[in-house]
Amino acid sequence: MDAAPDTSSVILASAAVLLRQRTFEDISYLDLADASEVSERTIYRRFPTRSHLLEALARWIEAEHFPLAEFHDADGFREAARMRFRAYDAEPAFAFVAARGGALSPTADEPAAPITQAIVAMLDATAPTLNRRDARRTAATVRYFASPMFWARMRTGFDMSADEISAAFDSAVRGFLPAATNANRAA
């Protein structure tokens, strides 16, 4: 027997359905209460501000619509990013909301996103001698290039397709990932 979805997930799933009809700005808490069959008060308790709602919705969309393929090395990471860029192209409204939510200052003490954990694990495996500070810098940099924010920037600023964005991603991270691998080989 499947467990019933939690209230927050029901609210966020309803917001995603409404996003197919209108923009995030056009979705009121009352609209969301009607769509999710949850009281408006409950929504305010879960998401006290629109920033809380947007951040949670962005995380939910990334998990539900853009799951990250598992990877353990640089080539696998590049392929996982390429697949996500194509998924963003297929559902641009969701990708733009994920990008906006990802750009917000965190409103809660959420654990590190799965992509961050996967990148750190990849760096630990491919460059175990990289010091902690440089590993964190490298992880933050390559995470940005694999993010919906990078995709949105390339898409709106340069009208690039997923394949063109993947090429730009490869070019950008090539300077970071081989350096980590070379540092490992030198050790």
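**Helix packing in a predicted model**

Visitor: Is the crossing of helix 9 and helix 10 left-handed or right-handed?
Guide: Helices (H or I, at least four residues) and strands (E, at least two) are DSSP runs, numbered from the N terminus. A crossing is left-handed if the near helix is turned anticlockwise from the far one by less than a right angle, and right-handed if clockwise. For helix 9 and helix 10, the crossing is right-handed.

Visitor: How many helices and strands are there in the protein chain?
Guide: This is a predicted model in which local features need pLDDT of at least 70 and side-chain atom pairs count only at pLDDT 80 or more, while totals for chains, interfaces and linings use all residues. Residues are numbered from 1 along each chain as its sequence is written, and side-chain values use heavy atoms, with hydrogens and water left out. From the N terminus on, the elements run α-α-α-α-α-α-α-α-α-α-α. The count for the protein chain is eleven helices and zero strands.

Visitor: Which residues of helix 10 are met by helix 9?
Guide: Contact means heavy atoms within 4.5 Å. Helix 9 contributes Phe 150, Trp 151, Met 154 and Arg 155, and these meet, in helix 10, Ile 165, Ala 168 and Phe 169.

Visitor: How many nonpolar, polar and charged residues has the contact of helix 9 with helix 10?
Guide: Ala, Val, Leu, Ile, Met, Phe, Trp, Tyr, Cys and Pro count as nonpolar, Asp, Glu, Lys and Arg as charged, and the others, Gly among them, as polar. By these classes, the contact of helix 9 with helix 10 has six nonpolar, no polar and one charged.

Visitor: Which residues of helix 9 make the contact with helix 5?
Guide: Helix 5 (residues 74–90) and helix 9 pack at an angle of about 60°, with their axes 10 Å apart, and are therefore oblique to each other. Their crossing is right-handed. Helix 5 supplies Phe 85, Tyr 88 and Asp 89, and helix 9 supplies Pro 148, Phe 150, Trp 151 and Arg 155.

Visitor: Is Asp 159 buried or exposed?
Guide: The place of Asp 159 is in the loop between helix 9 and helix 10, and its phi is positive, about 50°, although Asp 159 is not a glycine. Buried means under 20% relative accessible area, exposed over 50%, partly exposed in between (1.4 Å probe, protein chains only). With a relative accessibility of 65%, Asp 159 counts as exposed.

Visitor: What is the phi of Glu 37?
Guide: Most residues other than glycine have a negative phi. Glu 37 lies in the loop between helix 2 (29–36) and helix 3 (40–46) and, at 76% relative accessibility, counts as exposed. Although Glu 37 is not a glycine, its phi is positive, at about 60°.

Visitor: What share of the 187 residues in the protein chain is buried?
Guide: Of the contacts with a separation of 6 or more, 72% come from residues 24 or more positions apart. Among the 187 residues of the protein chain, the buried share is 39%.

Notes:
Axes fitted to C-alpha atoms, helices over the stretch in contact; angles between N-to-C directions. Parallel < 35°, antiparallel > 145°, perpendicular 65-115°, else oblique.
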